[in-house]
Each structure stands twice: as C-alpha cells, then as structure tokens.
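Hi everyone, thanks for coming. Have a look at the structure on the screen, and I'll walk you through a few spots.

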Amino acid sequence: MYITDWLMVGITFVYAVVTVLILIANNKSAKVAKEQVDEMQREFEESNRPRIEVELQLINRCAIVLRFCNNGRLTAKHVRIALEDECIDSLPEQEFAEQLRNQKGT
C-alpha cells in the first residue's frame, strides 16, 4: 500500500501542475481574445464614422467652389471648417476674401 500512496501523490502533483499550466494557457488566450475584440471595435468605429471630403468645382469657368461632402456612414455633426489666413489672402476677389474673413469670426 505504500507504493500506491506515493503513486497517488505523484498523480495528484502532476494533475496540479497540469491544472496550473492550463490556467496560464487560458489566461494568455483570454488576453489575446481581448486584444482582438478591442481591435475589432476600433476598426468598426473607424469604418462607421463621418468622413468629410472637399471637392473643388469649376462653375462656368468663372468660379471655383469648395464642396464639402460626407462620404461616411454616419451623419456629421458639429462640423467646423477653418480656412487659413494665407488661403483667404490669396483669393483674387477681395469681396469674397472679405466675406470669408467675416464668416471666419463667427
């Protein structure tokens, strides 16, 4: 009976070690799964957001118009368009430049 007792101790020890190794492997697997879910959420949010794009259009060869389009899946809210002073100053029509300066302040 002495050998069977030691055999049971050995089996229990191996079982305990294997259980700890399984716990470590499951913990690593859970971390990888969490990282994967976080990345999937980031990609989902990136693909489901408003995308404001600017188009330059020439109308009747006399006016250049900036057209702002939302090409994203969601509606763009609280959009703010800022033109640099250098861009406004470079406009050939002073009337348009003055209108843009006035609108920039609001």
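Let's start with the lining of the largest pocket: by class, 16 nonpolar, three polar and three charged residues. Here Ala, Val, Leu, Ile, Met, Phe, Trp, Tyr, Cys and Pro count as nonpolar, Asp, Glu, Lys and Arg as charged, and the others, Gly among them, as polar.

Quick housekeeping: this is a predicted model, where local features need pLDDT of at least 70 and side-chain atom pairs 80 or more, while totals for chains, interfaces and linings use all residues. Numbering runs from 1 along each chain as its sequence is written, and side-chain values use heavy atoms, leaving out hydrogens and water.

Next stop, Phe 68, which sits in strand S2; strands are DSSP runs of E, at least two residues, and helices runs of H or I, at least four, numbered from the N terminus. Val 54 is 14 residues away from Phe 68 in sequence, yet their C-alphas are 4.7 Å apart.

Last, the rings. Tyr 2 and Trp 6 make an edge-to-face aromatic pair, 6.3 Å centre to centre with 75° between the planes. To pair, ring centres must lie within 6.5 Å (for Trp, the six-membered ring); planes under 30 degrees apart are stacked, over 60 edge-to-face, the rest tilted. Tyr 2 and Trp 6 are about one helical turn apart, because four residues separate them in helix H1 (residues 2–47).
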